[in-house]
Amino acid sequence: MSKDLPTPDRSQAHDGTLPEGRVGIALIGSGRMGAFHAETVSLRLPHARLAAVADPAPGAAERLAGTLGADGAYTDVTQVWADPAVDAVVIAAPARSHADLVVAAAAAGKGVFCEKPMAVTLADADRAIEAARTAGVVLQVGFNRRFAADWRAARALLDAGTLGTPRLLRSLTRDPGGFDPSRVRPDTIFLETLIHDFDTLGFLNPGAQAVEVFATAGALVEPEWSDRGLLDTAVVTVRFDNGAMAVAEACFEAAYGYDVRGEVLGSGGMATMGDGRRTGMAFSSAAGRVVDTVRGDQELFADAYTAELAAFVDAVRTGTAAPVTGEDARAALAIALAAAQSVRAGRPVRIDEVER
Ligand SMILES: NC(=O)c1ccc[n+]([C@@H]2O[C@H](COP(=O)([O-])OP(=O)(O)OC[C@H]3O[C@@H](n4cnc5c(N)ncnc54)[C@H](O)[C@@H]3O)[C@@H](O)[C@H]2O)c1
């Protein structure tokens, strides 16, 4: 979180009724991503207010709630379900807790925004989707790239028919490095990193379903990780039922910073997305030409992270469907699980072979 936050307007603190039109949101999980989302809810969304923060780590919820002026600070997440000031939740807890949290939040009648991945098994994804459907609450998943200007513009070209029928697609993610190996599992690169790319491929090939996945992966950044089966670099090919072919790739370290790009080659032309430059300025001198690149995800996608939460708040306020659904999350998860399975088996894996 930035250190120079404006002081929150405490006159909007909850007094038993919602400030008019404002959706009361509880943040669940106040780590790196959660703190950014809480700041967005509190400071950047006119129709939302941060009602509570929940995190089991001692002092974490209190700290963030105090900084941002939220009334509720809970170490026991179940207290969120009973808080009448909370209309909806933003889940940014670790991936393996997501499905249970979605189910519990929906059962309590709260709208749900869940960071990716929504679940780590297809059975849990189905459980989460069903819980939201039964409760009649909004369920949106954090595929922020759909809200980034380049990706939106490419999708608009597809929707207008200008790009024609997608034939080749690509999506890539390169992280800036410097991560903690103790937090990485063998499937992290598929379930938490490439899942964005798998969603992007679906977003840019609307209506098509993935049918087969072939992945190769290794530990190139941290070669000693291979003994533990950990993977930091991967290439995945995906075939879709409309014939389109796609490549997704990821690496946990790029010396120049965070880099996300996409491309669609359609029958009507090509669209490319993503430019990691911090500004459009290039400095030319006797030493050559230099551009300044973005270092991290929260810098590159700041606007997209805000836009996705604004869309969620609108869906909760107006009772309309979320723009990124539990089904979208399930489709991306199926590709991620197929990719992990493909690496283990050393062969292509059909989506209908994926273990539930
Ligand atoms: N959309 C994106 O670009 C993006 C970027 C980064 C992270 N994420 C996702 O956000 C989620 C969180 O990632 P992070 O990097 O902030 O992790 P983090 O480890 O920094 O934070 C996780 C927080 O959740 C808390 N927590 C643990 N168990 C919990 C539980 N059962 N209920 C509530 N809180 C719990 C921890 O105490 C910690 O404060 C992950 O799913 C990750 O994949 C998304």
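Modeller: Two packed helices are described by the angle between their axes and the distance between the axes. In this predicted model, local features need pLDDT of at least 70, side-chain atom pairs count only at pLDDT 80 or more, and totals for chains, interfaces and linings use all residues. Residues are numbered from 1 along each chain as its sequence is written. The axes of H1 (residues 32-43) and H9 (residues 302-318) come within 10 Å and cross at roughly 60 degrees. Helices are DSSP runs of H or I with at least four residues, and strands are E runs of at least two, numbered from the N terminus. Axes are lines fitted to C-alpha atoms, for helices over the stretch in contact, with angles from 0 to 180 degrees between N-to-C directions.

Biologist: Why is H1 called oblique to H9?

Modeller: The crossing angle of roughly 60 degrees makes H1 oblique to H9. Angles under 35 degrees count as roughly parallel, over 145 as roughly antiparallel, 65 to 115 as roughly perpendicular and the rest as oblique.

Biologist: Which residues of H1 and H9 make the contact?

Modeller: H1 contributes Phe36, His37, Thr40 and Val41, while H9 contributes Tyr305, Thr306 and Leu309. Contact requires C-beta atoms, placed from the backbone, within 7 Å.

Biologist: Which element gives the most to the shell around the ligand?

Modeller: H1 does, with three residues. In total, 24 residues surround the ligand, the closest being Gly29, Gly31, Met33, Ala57 and Ala93; the criterion is a C-beta atom, placed from the backbone, within 6 Å of the molecule.

Methods: Contact = placed C-beta atoms within 7 Å.
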